[in-house]
Amino acid sequence: MLKSLNLQDMRQKAYQALDQRARAITAGLGLNELRALMRGEPPTEKPNPRYKVHTTSFLFHIRPRYYEAGSTILTHTFRLGFFTSFFFFVELFTGLILMIYYTPSPEKAYESILNLLNNVPFGQMLRDIHRLGAEAMVIFTTLHMLRTFLTGSYKKERSFTWLTGVVLLGITMFLSFSGYLLPWDQLAYWAVTVGTSMAEAAPLFGNEINLLLRGAPDIAANGLLRFYLLHVVLLPLAAILVISIHYYKVSREHGISLPAYMEEGNVPPEVKKAARQRIDFIPDLLTTEVFLVSLGILLLVLGVTVFNYHAPLESVANPQVTPLDTKAPWYFWWLQGMLKLGDKILMGVILPTIVVLVLVGLPYIDRNPHRSLYKRPIAVALGVLSVLILVMLSYMGLPQYGIEMEPAQRIIQDMSPQEGAGPLQRLPFEELQLGSYQVNVNEPINMCPNLDFGCPAFEAFFRLYSDRVNQAIRKGDLPAETQAVVVIEDWQKDLRKITLRIVWPGEDGKSKSYERIVYLHANRGME
Amino acid sequence: MNRINLQILLGTIMVLATSVVVLFYGLNEEKRMAEAEEAQRGRAIEQGAALFEAQCSRCHGTQGTGIPGLCPPLNDRYFFDQRMKDVGWSGTLEDYIVATVSSGRLASTRPQLYPGQGTPAMPAFSDHFGGPLREDQIRTIAAFITNWSETAIAIEVPPTPSGPVVGTDITKELPEGDPAAGEALATTLGCVACHIAAPTGPVWLAKDGEPGVGSHAATRITQPDYTGKATTPEQYLFESIVNPNIFVVSGFASGVMPQSYANSLTDQDMANLIAYLLTLK
């Protein structure tokens, strides 16, 4: 009896039991092996148990066993593709939770967002992360594509991967765009109205596409439901499918490309050999990925807390009122810019189609076998030029560009936009002292003698307003007799009525005016 | 320290940092949600103010003081303290406002005091019933109106006329009028809400070269498009008060002004009002 209580024996048995459990859970890695992994030591057994995992576990099976050392250089990939898929998973995760609180109907949609912000703990954070992740995903997809273009990684056997990438860029943009409508606020409603009206320009079936998307001539209950289903079912499924194909090509077929100079450059053979050296997925790449994921999550959380990024929410959608300065989401500004340049069909349909076809067919059009930047100057020059054109077109897509507005209206719209917050909305409530203030009559100095600390924010606001008016007078946009006033009235408990009014003599001698009345409540909160 | 160790260390630190940030964010959640709710209510009041101005102020006054003989005051102690008991409403005041604004009133509940604009006394505003407003917009109007609850003062209802009423015969001989009494009456009747404060009706005061109502009374009857029966400025004013739709100054809507003054003013009231208006040259 006593003999059998051998301590050594018991420890060994316990160890074996634990070791077996560990092997079962990790699909083949024993305790010793795990210990070696964490310490970055070489494998403890032969054959290498770290490879076995790739055949026994599904999740590891779809990951590569190794990358070539040269392709893991940070400045070669910047981990752009990795982060794009990271954001995709962030969107899936946050999106699934957001779905719990959302109702896709015009009566309830906006209310459910307000409820999410007011009554759901971490609701605002989830929404902000979902929005930030979406913006980041569009940016990272584009940058990933640009990187692939510049390193010439779309050539030869990677042509098809490039093609799936172009499809993914489209899916990403439409995922983001379809999500735009869901809060059912003015921003969403009009951005999507502008966006879908571009589809209308398509010849022959443009009207049908538009009807199919909107479910009616104007966006209403049907349109919202369609966009919702696109956003939560069809597009994510399509994305998962194409991402799988895209990733399969990379992980199973041809790996990440090596930097061009290592592949085709005039470098010593040992550099080429070192570049081809294998870096195992377990533990090196896996550790790096977990590290990058924690970095990504930290950055997202910091973005919506410390850096104060908040998903915008304007007033509830109103099909009867088109706010001034309506614009499409930023990644479609280039298209709006093009539409301003000319014919709706040429600029809105034919040219964008050509752009897409060129992107899709790039590996087949560009037959230059070299990958190095220096050996394909024309392709690189064209690429840089397209980026510049894209930026310029996006600028031209802004509502401030090329759309004539009365100077007085422009000034008042900039001081206090119809939607969202302008300088006026950002003023602290207590600085809104009752009175009538006229530009060039009242000086923006010591405007609130009744307040202990004066009203520096209101004075800055009034100075800005005066400067804008005087600038317009100097430029001749407004006549010298122009009168511009700010009138602040006490309207209700904690509610002020602010009138911005510009009056000027018109050319026919009659006086013209433009005014905007804004009500501000003490508790409205800042944006 | 090799690369893997470094990544594990940094990764652990970052996960901890994320947890700390989320934890501190979470500690503030109760407060943030309460503030978000306050802010949302504030914004509802702002929107309600704009909608009230556009849709309701013509009858209920820009500051909700109502127009005697037309529409009841809302910025009124009675409305907040007693109204729901009087009509036997069991829900909240906000619901009462939403219900009334949504479906309107076919007939006035107080036809002697506030007959409204005839039939219906108040139109339905909900888009479900052919009105212009959505449900959420009506809720913001209710938020705006209930925001008066703390500051509302008791608005005096003008006394019903003592003695015989003036009637609609504009050739009637009137006693000597007192302009000061007329001015006070114009204020209590609420005339000033539309004719002085807001240009809902023709403005009384002289402005930008346009003469006041006292001068207009003499010139309007000579206009070719004049459709009334008055022959003197006094008769013109008399007629405009008791029978406002017989001639409507161009640019203004017919049927806006209450038509009940013939039955609510005495001879002396009418004389005072006319005397006051004639002083506004």
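User: Thanks! What should I know about the model and its numbering?
Analyst: This is a predicted model, where local features need pLDDT of at least 70 and side-chain atom pairs count only at pLDDT 80 or more, while totals for chains, interfaces and linings use all residues. Residues are numbered from 1 along each chain as its sequence is written, chains are lettered from A and ligands numbered from 1 in the order in which they are written, and side-chain values use heavy atoms, with hydrogens and water left out.

User: Back to cysteines. How many disulfides are there over all chains?
Analyst: The count is one disulfide over all chains, a disulfide being a pair of cysteine sulfur atoms within 2.5 Å.

User: Which cysteines form it?
Analyst: A:Cys448 and A:Cys455 do, with their sulfur atoms 1.9 Å apart. The torsion about their S-S bond is about 85°, so the disulfide is right-handed. A:Cys448 is buried at 3% relative accessibility, and A:Cys455 is buried at 1%.

User: New topic! How many salt bridges are there over all chains?
Analyst: There are 30 salt bridges over all chains. The rule asks for a side-chain nitrogen of Lys or Arg within 4 Å of a carboxyl oxygen of Asp or Glu.

User: What does A:Asp325 pair with?
Analyst: A:Asp325 forms a salt bridge with A:Arg410, with 3.0 Å between the closest N and O atoms. A:Asp325 sits in the loop between helix H15 (281–304) and helix H16 (333–341) of chain A, and A:Arg410 in helix H19 (residues 407–415) of chain A, so the pair ties together parts that are 85 residues apart in sequence. A:Arg410 is buried, at 15% relative accessible area. As for the labels, helices (H or I, at least four residues) and strands (E, at least two) are DSSP runs, numbered from the N terminus.

User: Nice. Which residues make the nonpolar surface patch of about 800 Å²?
Analyst: Among them are A:Ile139, A:Leu143, A:Trp330 and A:Tyr374. Patch residues have over 30% relative accessible area and no salt bridge; like charges are joined within 9 Å, and nonpolar side chains (Val, Leu, Ile, Met, Phe, Trp, Tyr) within 5 Å.

User: Which helix gives the most to it?
Analyst: H8(A) gives the most, with four residues. Helix H8 (123–150) and helix H18 (377–397) of chain A each supply at least two residues. A:Tyr374 lies in the loop between helix H17 (344–365) and H18 of chain A, and is exposed at 75% relative accessibility.

User: Last one: how many residues does each chain bring to the contact?
Analyst: Chain A brings 43 residues and chain B 42 residues, where contact means heavy atoms within 4.5 Å. The two chains bury about 3700 Å² between them, 56% of it on carbon and sulfur atoms. Buried area is the accessible area (1.4 Å probe) that two parts lose on being put together, summed over both.

User: How many salt bridges cross that interface?
Analyst: The rule finds two salt bridges across the interface of chain A and chain B. B:Glu150 forms a salt bridge with A:Lys493, with the closest N and O atoms 3.8 Å apart.

Key. Buried means under 20% relative accessible area, exposed over 50%, partly exposed in between (1.4 Å probe, protein chains only). Accessible areas come from the Shrake-Rupley method with a 1.4 Å probe; for residues, only the protein chains shown count as cover.
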